[in-house]
Amino acid sequence: MDPIGQLCETIGEAKLRSMVAAFYRRVREDDLIGRLYPPEDWEGAEKRLADFIVYRFGGPPVYLQERGHPMLRARHMPFPIGGAERDRWMALMMQAMDEVEIPADTSPVVNSFFAQVAEAMRNRSS
Ligand code: HEM
């Protein structure tokens with residue numbers, strides 16, 4: 001059984017979407033990673049991440065239907081992501097998880113999933 005694939009059912013799609021909204025409220029204001037995102041399409045960026053998380057956590061596969069195979073590493077190549085950017089992304093997501101109260105018994109799985117993907121997105125050695 002894939003514990004990640006159960007998370008949408010356990011946490012609920014609405015809470016996952018609120019978590020991503022809370023995350024982007026922080027990203028927009030962030031001095032380090034905020035400037036990497038398309039300033040004219042914050043709504044689109046929020047929807048893509050939320051759809052991806054919902055799909056990856058076992059919910060409706062809207063992301064796959066609209067964006068196809070995630071190819072996340074390739075899609076992050078245009079953005080310089082080193083250790084500092086990875087750590088900031090994680091810190092803002094941890095704050096968003098706290099804000100919407102992701103249940104304590106699921107947060108270790110959610111956390112390690114994000115940490116693993118964030119490390120994989122690193123495309124600069126710094
Ligand atoms: C390590 C730090 C990270 C940085 C600086 C970063 C930055 C970005 C940026 C600038 C975009 C383009 C926004 C857009 O969609 O228009 C993006 C897209 C995206 N990111 Fe990240 N990201 C990071 C980590 C992650 C992680 C950990 C995940 C998933 C758990 C993720 C999932 C996505 C997804 C699904 C998209 C949209 C891909 C698409 O369909 O085009 N990112 N990211």
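In this predicted model, the ligand is surrounded by 23 residues, and the closest are Ala-45, Arg-48, Phe-52, Trp-89 and Val-117. Two or more residues of this shell come from each of the helices α3 (42-56), α5 (72-76), α6 (83-100) and α7 (107-120).

**Ligand shell**

- Helix α3 gives the most to the shell around the ligand, with five residues.
- Sorted by class, the shell comprises 15 nonpolar, six charged and two polar residues.

**Packing of α2 against α6**

- The axes of α2 (residues 13-29) and α6 come within 8 Å and cross at roughly 130°.
- An angle of this kind makes α2 oblique to α6, and α2 passes α6 in a right-handed crossing.
- On the α2 side, the contact is made by Lys-15, Ser-18, Met-19, Ala-22, Phe-23, Arg-26 and Val-27.
- On the α6 side, the contact is made by Leu-92, Met-93, Gln-95, Ala-96, Met-97, Glu-99 and Val-100.
- The contact of α2 with α6 has nine nonpolar, two polar and three charged residues.

**Packing of α2 against α3**

- Helices α2 and α3 pack at an angle of about 140°, and their axes are 9 Å apart.
- The two helices, α2 and α3, are therefore oblique to each other, since only angles over 145 degrees count as roughly antiparallel.
- The crossing of α2 and α3 is right-handed.
- From α2, the contact involves Glu-13, Leu-16, Arg-17, Val-20, Ala-21, Tyr-24 and Arg-28.
- From α3, the contact involves Trp-42, Ala-45, Glu-46, Leu-49, Ala-50, Ile-53 and Val-54.
- Ten nonpolar and four charged residues, with no polar ones, form the contact of α2 with α3.
- Ala-45 of α3 takes part in this contact and is also one of the residues closest to the ligand.

**Loop residues with positive phi**

- Most residues other than glycine have a negative phi.
- Met-71 has a positive phi, near 45°, and lies in the loop between α4 (62-67) and α5.
- Met-71 counts as exposed because it has 10 C-beta neighbours inside 10 Å, where the cut-off for exposed is 12 or fewer.
- Glu-101 has a positive phi as well, near 60°, and its place is in the loop between α6 and α7.
- Glu-101 is exposed, with 12 other C-beta atoms within 10 Å.

How values were computed. Residues are numbered from 1 along each chain as its sequence is written. This is a predicted model: local features need pLDDT of at least 70, side-chain atom pairs count only at pLDDT 80 or more; totals for chains, interfaces and linings use all residues. A residue is near a molecule or strand if its C-beta atom, placed from the backbone, lies within 6 Å of it. Helices (H or I, at least four residues) and strands (E, at least two) are DSSP runs, numbered from the N terminus. Ala, Val, Leu, Ile, Met, Phe, Trp, Tyr, Cys and Pro count as nonpolar, Asp, Glu, Lys and Arg as charged, and the others, Gly among them, as polar. A residue is buried if 20 or more other C-beta atoms lie within 10 Å of its own, exposed if 12 or fewer, and partly exposed in between; C-beta atoms are placed from the backbone. Axes are lines fitted to C-alpha atoms, for helices over the stretch in contact, and angles run from 0 to 180 degrees between N-to-C directions. Angles under 35 degrees count as roughly parallel, over 145 as roughly antiparallel, 65 to 115 as roughly perpendicular and the rest as oblique. A crossing is left-handed if the near helix is turned anticlockwise from the far one by less than a right angle, and right-handed if clockwise. Two residues are in contact if their C-beta atoms, placed from the backbone, lie within 7 Å.
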